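Hi everyone, thanks for coming.

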There are 2 protein chains.
Amino acid sequence: MPVQKNAHLSRQPLFLQVRQKIVSGIESGEWSDGEILPSEMELAVRFGVSQGTVRRGLDSLVADSVLVRRQGAGTFVADTQDDWGRAELPGGVQSLACSIELLACARANAGEVEATALGLRRAASIFVIRRLARVAGEPFAMMESCVSAERFDGLDARRIKQADGNLRRVWLKDFGLRVVSNPPHLRAARAGREEARTLGVENETPLLEVFRAASGMDGTIVEWSILRCRTDHYAYSA
Amino acid sequence: MPVQKNAHLSRQPLFLQVRQKIVSGIESGEWSDGEILPSEMELAVRFGVSQGTVRRGLDSLVADSVLVRRQGAGTFVADTQDDWGRAELPGGVQSLACSIELLACARANAGEVEATALGLRRAASIFVIRRLARVAGEPFAMMESCVSAERFDGLDARRIKQADGNLRRVWLKDFGLRVVSNPPHLRAARAGREEARTLGVENETPLLEVFRAASGMDGTIVEWSILRCRTDHYAYSA
DNA sequence: TAGTGGTCTAGACCACTTG
DNA sequence: AAGTGGTCTAGACCACTAC
């Protein structure tokens with residue numbers, strides 16, 4: 001199915017159309033997690049564009065961590081990963097390898113913040129998922145995620161545990177939705193009593209608060225998270 | 001002066017060579033702040049490559065905010081700006097428009113952190129510049145920046161004040177060095193007594209701490225900064 | 001209208017991975 | 001050796017800006 005080259009009004013560049021077609025293919029399940037895509041030449045023929053144009057489309061998805069390239073081998077759909085940010089140890093960056101504990105998965109009504117972030121009406125029904133991340137066994141961060149209860153009807157703790165606490169995998173496997181994080185906003189906050197106990201720090205300890213919206217691949221926001229993490233052993237890397 | 005196409009060992013892609021040539025041109029003063037560059041075709045002829053290759057080189061500099069493009073008009077050298085991050089108000093992002101007050105510019109000896117970050121030997125002579133940023137008149141952040149005293153020999157408070165507290169402009173105008181920020185690391189910290197007074201917050205208030213190295217355009221690190229900012233009115237945007 | 005950035009092509013060659 | 005991603009070219013046309 002060739003792309004359209006001449007829609008006179010509001011025509012998108014071809015490489016963005018290519019991007020969208022790849023996205024659709026991933027969402028429809030034509031290519032799943034970790035699978036290889038057809039070669040750039042094959043895609044070029046299929047879409048009726050040149051290899052360079054396909055390449056630009058793929059570039060933009062690689063930049064969004066939706067695809068991964070391996071020279072000489074191929075282009076692959078990236079593995080579904082939760083987004084807990086990156087930590088910097090004295091002397092090197094590493095992605096946070098952490099174990100996730102599910103603390104709660106409950107229905108609630110959206111407050112103003114959640115409603116605004118998710119584009120829902122005030123007091124709309126949402127799911128609130130609270131999780132605890134440990135790095136090397138030590139409590140590191142608390143994450144609270146909110147999603148529309150309507151969109152994710154049927155979500156429960158069992159599904160989340162089956163995915164090892166990886167929400168993104170739940171969205172993908174159980175709800176067919178691939179989600180990518182938007183740039184975060186950051187604040188410094190004080191640990192509350194209960195929170196301090198859970199994280200193993202003193203009361204009132206400063207915590208780094210990371211707000212993050214995440215979008216489906218059509219750009220609409222579907223997930224809103226607040227991460228509160230210790231920064232005494234690791235620094236957060238942006 | 002055409003680029004080299006056949007250095008058999010460790011040859012860099014042409015578009016990166018183009019990038020480097022543009023960088024050299026900027027550093028040598030051939031094109032200064034705000035000035036327009038020759039058109040992509042002219043550069044292509046000058047460097048002996050195609051327009052597309054020049055474009056890729058320019059792309060990478062636009063991504064680093066060294067250049068700015070205006071369709072139909074031309075490509076320009078970006079204005080020198082200090083990097084105080086971005087703030088998010090409830091409802092929209094904006095670059096921090098703040099007034100800068102110079103608190104101190106003094107010589108010191110590098111501690112372990114500064115020495116490591118700047119690639120200097122321990123106890124090397126450095127300049128430490130402390131500045132206070134206000135947003136809408138209200139104290140917002142404290143920034144401490146360190147540079148090698150050898151590299152920036154002759155730096156003093158007068159030069160910084162002449163540049164309205166904009167260090168990057170000092171580096172460029174007085175020392176011929178264009179500097180771009182690397183991705184920051186973040187921590188949550190507690191305001192000290194004196195600091196709390198300066199920022200107009202209570203003692204022990206949590207502050208967001210932003211660590212940031214900045215590199216010259218050859219990639220070597222020349223500046224190391226620690227920003228400590230309030231996040232009660234604004235959130236930091238990464 | 002002329003000149004600039006922005007997109008796209010068809011074809012080529014190179015560097016790398018895999019059988 | 002065959003196939004993949006990575007780079008590059010020469011030329012073309014479009015959208016936009018400035019004069």
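A quick word on the ground rules. This is a predicted model, so to speak for local features we need pLDDT of at least 70, side-chain atom pairs count only at pLDDT 80 or more, and totals for chains, interfaces and linings use all residues. Residues are numbered from 1 along each chain as its sequence is written, while chains are lettered from A and ligands numbered from 1 in the order in which they are written.

Let's start with the protein contact. Chain A puts in 18 residues and chain B puts in 18 residues, where contact means C-beta atoms, placed from the backbone, within 7 Å. On the chain A side, strands E9 (185–190), E10 (206–216) and E12 (235–237) each give two or more residues. Helices (H or I, at least four residues) and strands (E, at least two) are DSSP runs, numbered from the N terminus. E9(A) gives the most, with six residues.

Strand E12(A) also runs antiparallel to E9 (residues 185–190) of chain B, joined by two bridges; strands pair if DSSP finds at least two bridges between them. There, Tyr236(A) stands opposite Leu186(B).

How values were computed
Two residues are in contact if their C-beta atoms, placed from the backbone, lie within 7 Å.
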